[in-house]
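Work through the exercises below with the model at hand. Each task is followed by a solution in steps.

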Amino acid sequence: MEQKKNQKDVLIVRDEKTGEISVIAGLKKDGTPKTTAASGANQKDFLLFDKNSNPLDSFLDNFFRQCKEPKRFGFYRVAAENIEHVIDVLKDLLKNPEKNRDLLEPHHVDTSKCEQQAQAVPEDIKPTPDGSNDNDLNPFWQAVEEH
């Protein structure tokens, strides 16, 4: 299938503790993903990625540096078009991710590089145990939006 040159993608996240699956809408101050339901009504809130650029790497770098429990989340990249239909299929597949590994693999976002880089980040810029830190996330999100 030929992909559109101006296709936008969204990032799907699965909370590995609760099994909740949703679309990334941003990043909260505590470093956890800000999410929204995968419906057409929420599409204006989705964090969209241009197929020809890579703000995804920037998002993941920041996420793994700032999140208290980064391994709690699994990320999947899918086309934004028809997300309200795609999410149901993805939810079914993620009910048993090991069994459906072959179908999920093309959409799974490999975060191992980001995890390794986050381990090398100095402690003074990681979030504190209460979830607060002095780092302002706004410049990051401004850069993503400008992309």
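**Exercise 1.** In this predicted model, find how far apart the closest N and O atoms of E16 and R14 are, and classify each residue by accessibility.

Solution.
- Step 1: The closest N and O atoms of E16 and R14 are 2.5 Å apart. A salt bridge requires such a pair within 4 Å, so E16 and R14 form one.
- Step 2: R14 has 13% relative accessibility and therefore counts as buried, the limit being under 20%.
- Step 3: E16, at 37%, counts as partly exposed.

**Exercise 2.** The structure holds six salt bridges. Describe the one between K44 and D45 and the one between E98 and R101.

Solution.
- Step 1: For K44 and D45, the closest N and O atoms are 3.6 Å apart.
- Step 2: K44 is exposed, with a relative accessible area of 68%, whereas D45 is partly exposed at 34%.
- Step 3: For E98 and R101, the closest N and O atoms lie 3.4 Å apart.
- Step 4: E98 counts as exposed at 54% relative accessibility, and R101 is partly exposed at 45%.

**Exercise 3.** Locate D110, classify its accessibility and identify its side-chain polar contact with S112.

Solution.
- Step 1: D110 sits in the loop between α3 (101-104) and α4 (112-119).
- Step 2: Its relative accessibility is 57%, so D110 counts as exposed; the class begins over 50%.
- Step 3: The side chains of D110 and S112 make a polar contact of 2.9 Å.
- Step 4: F75 is 35 residues from D110 along the chain, and their C-alpha atoms are separated by 8.0 Å.

Definitions and conventions: Residues numbered from 1 in each chain as written. Predicted model: local features only at pLDDT ≥ 70, side-chain atom pairs only at ≥ 80, totals over all residues. Heavy atoms only, no water. Helix = DSSP H or I, 4+ residues; strand = E, 2+ residues; numbered from the N terminus. Buried < 20%, exposed > 50% of the residue type's maximum accessible area, 1.4 Å probe, protein only. Polar contact = N/O pair within 3.5 Å; in protein donor to acceptor, adjacent residues only side chain to side chain. Salt bridge = Lys/Arg side-chain N within 4 Å of Asp/Glu carboxyl O.
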